[in-house]
Amino acid sequence: AIERFAQSLAFVIRRFVRLKSWAPVERIVVGGGFRESRVGELAIGRAGIILSTDGHKIDLVPVSHHPDEAGLVGSAHLAPKWIFEAYDSLAAVDIGGSNIRAGIVELRQDKAPDLSKARVSSSELWRHADDAPSRDEAIERLGTMLKAQLKQAKKDGLRVAPFIGVGCPGLIEPDGSIDRGAQNLPGNWESSRFNLVDSIRALVPEIGEHETQVAMHNDAVIQGLSEMPAMQDVENWAVLTIGTGLGNASYRNRAKPKGKDSEKEKAAGKGKSGAGD
């Protein structure tokens, strides 16, 4: 079974690297619920060997955070800069085809300014697939979960920013609507009359007496962002999340890895700092 899955995973990756955006990828982070199991880890490792044998110079590594937490921790990389000056934590939501998780991400900038030590201080998981709720019932339950997490953070003495990061399946439009890919969620989340960002903001209009800001991106993108501090030694990398569905995203770091700067850049003394695109 491990060998069959590894062969299938290698086949999928070969297809991805034919795409223009994936062609320069040097490392792929594998996340999602499958990575949590020992069988999953073995299949991921075996797929890496298969790809290497085929001549594909791509590192295949499991996500370093617990898969349930990576989708929350990645939201810290969506937050605006002003948050890191006055707050030590933020709220995050990870919506999946089977589960919805809400939690508080402790930034721990005193231990690592690049957020490599960020962690989930508390969280709640709801397996909505077991309850088969309507869309409105699911959103209402999410609001209850967020309020409970914010209350817990206050008890823990955390200064939570007025910001909520949200990871959601599908193609996310700039206005917070979901264009397609949310078919595993309860109800119709792709309706033109529904906006998840606005719904969350209405449920939690303020955090700490300040108006709540909500930023949303694809859930695979956010899970991949949790690994960004560890990806600074490569220029191009990607993520595959294996769960109810197969999520994917590719990234390019704005700053070139050490040792890969051109001689011209070195001579000019130039260098860009920043995250992945």
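Which residue forms a salt bridge with Arg-46? In this predicted model, local features need pLDDT of at least 70 and side-chain atom pairs count only at pLDDT 80 or more, whereas totals for chains, interfaces and linings use all residues. Residues are numbered from 1 along each chain as its sequence is written, and side-chain values use heavy atoms, with hydrogens and water left out.

The partner of Arg-46 is Glu-3, and the closest N and O atoms of the pair are 2.8 Å apart. A salt bridge here is a side-chain nitrogen of Lys or Arg within 4 Å of a carboxyl oxygen of Asp or Glu; by this rule the count comes to 12 salt bridges. Arg-46 counts as partly exposed because its relative accessibility is 29%, and Glu-3 is likewise partly exposed, at 36%. For these classes, buried means under 20% relative accessible area, exposed over 50%, and partly exposed in between (1.4 Å probe, protein chains only).

Another salt bridge joins Asp-233 to Arg-27, with the closest N and O atoms 3.0 Å apart. Asp-233 is partly exposed at 44% relative accessible area, while Arg-27, at 11%, counts as buried.

Next comes a pair of helices. Helix H6 (residues 135-155) and helix H7 (residues 196-203) pack at about 50 degrees, their axes 10 Å apart. Helices are DSSP runs (H or I, at least four residues), numbered from the N terminus. Axes are lines fitted to C-alpha atoms, for helices over the stretch in contact, and angles run from 0 to 180 degrees between N-to-C directions. Among the residues of H6 that meet H7 are Ile-139 and Leu-142, where contact means heavy atoms within 4.5 Å.

Definitions and conventions:
Helices (H or I, at least four residues) and strands (E, at least two) are DSSP runs, numbered from the N terminus.
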